[in-house]
Amino acid sequence: MKLIIFDLDGTLVDSLEDLADAANYAMKHFGYPVHPIEAFRYFVGNGIPKLIERCLLESERSPERIEEVRAVFSGYYNVHFADKTRPYDGIPELLDKLRSEGVRTAVASNKSDDFTHVITDSFFKGTFDAVIGSREGVPRKPAPDIVFDIMKELGADASDTYFAGDSNVDMYTAKNAGIRAIGCLWGFRTKEELLEGGADFLAENPWSIFDILFEKEK
């Protein structure tokens, strides 16, 4: 049975504006410069602490300050995470079709595990066979640990498992786990980055994923 593991931000949901708003709120709170929304395409992808680090001036990137800013970010984001965030067009229909064809689906995110569940429950309640986010003591993507945990939970084999994401972090995660990588071109990053990251397939739109899984790829 096939399994496809999805990244969350930039793959299933367009969350860039809410992430940017929360980060800029925290920047303003501490009197730091804010950033244009396009900058966040490259700030996100490695978890919230790394996002905060990238937003801060280099001289301000102490662990203590990152944690202070992260706390303000989280306080805002936990309330406003769904102000502008929505599933990408075609994603809910794709997920329904995959499940109707017996494909198992999962989510692997560098967001905290609790909040990954909050977001998936908000937009896709009851859809996924497994949802795992960042957990204390477990390396974040691109380490393969999260993929291995999902595969173990679902009894999946690497030969029938795919990872779909929008960044090189996701492509590296798939490679590190020994599974096939699908680069999603509607997300936050570029086609060039996905290819350089080792994408086995490129999906122009969500329905391209169905074609890839059922061997209709180019």
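Here are some friendly questions and answers about the predicted model above.

Me: What should I know about the model before we start?
Reply: Residues are numbered from 1 along each chain as its sequence is written, and side-chain values use heavy atoms, with hydrogens and water left out. Local features need pLDDT of at least 70, side-chain atom pairs count only at pLDDT 80 or more, and totals for chains, interfaces and linings use all residues, as this is a predicted model.

Me: What is the order of the strands in the open sheet?
Reply: Strands (E, at least two residues) and helices (H or I, at least four) are DSSP runs, numbered from the N terminus. Two strands pair if DSSP finds at least two bridges between them. The open sheet has six strands with parallel pairing, in the order β5-β4-β1-β6-β7-β8.

Me: Which strands stand at the edges?
Reply: Look for strands with a single partner strand, so that one side of each is left without a neighbour in the sheet. Those are β5 and β8 (201-203).

Me: Which residue in β7 is the bridge partner of Phe-163?
Reply: Strand β6 (residues 161-165) pairs with strand β7 (residues 180-184) in the parallel sense over four bridges. In β7, the partner of Phe-163 is Ala-181.

Me: Are α5 and α10 roughly parallel or roughly antiparallel to each other?
Reply: Axes are lines fitted to C-alpha atoms, for helices over the stretch in contact, and angles run from 0 to 180 degrees between N-to-C directions. Helix α5 (residues 91-100) packs with helix α10 (residues 206-213) at about 25°, their axes 8 Å apart. Angles under 35 degrees count as roughly parallel, over 145 as roughly antiparallel, 65 to 115 as roughly perpendicular and the rest as oblique. The two helices, α5 and α10, are therefore roughly parallel.

Me: What is the volume of the largest cavity?
Reply: On a 1 Å grid over the protein atoms alone, a cavity is a set of points where a 1.4 Å probe fits but cannot get out; lining residues have an atom within 4 Å of a point. Grid points are joined across faces, edges and corners, and a volume is the space filled by probe spheres set on the points. There are two cavities of 30 Å³ or more, and the largest has a volume of about 230 Å³.

Me: Which element gives the largest share of the lining of the largest cavity?
Reply: This cavity is lined by 20 residues, with Asp-9 among those nearest its centre. Elements giving two or more residues are α3 (48-55), β4 (104-112) and α8 (168-177). The largest share, three residues, comes from β4.

Technical notes
On a 1 Å grid over the protein atoms alone, a cavity is a set of points where a 1.4 Å probe fits but cannot get out, and a pocket is an open set with protein on both sides within 12 Å along at least five of seven lines; lining residues have an atom within 4 Å of a point.
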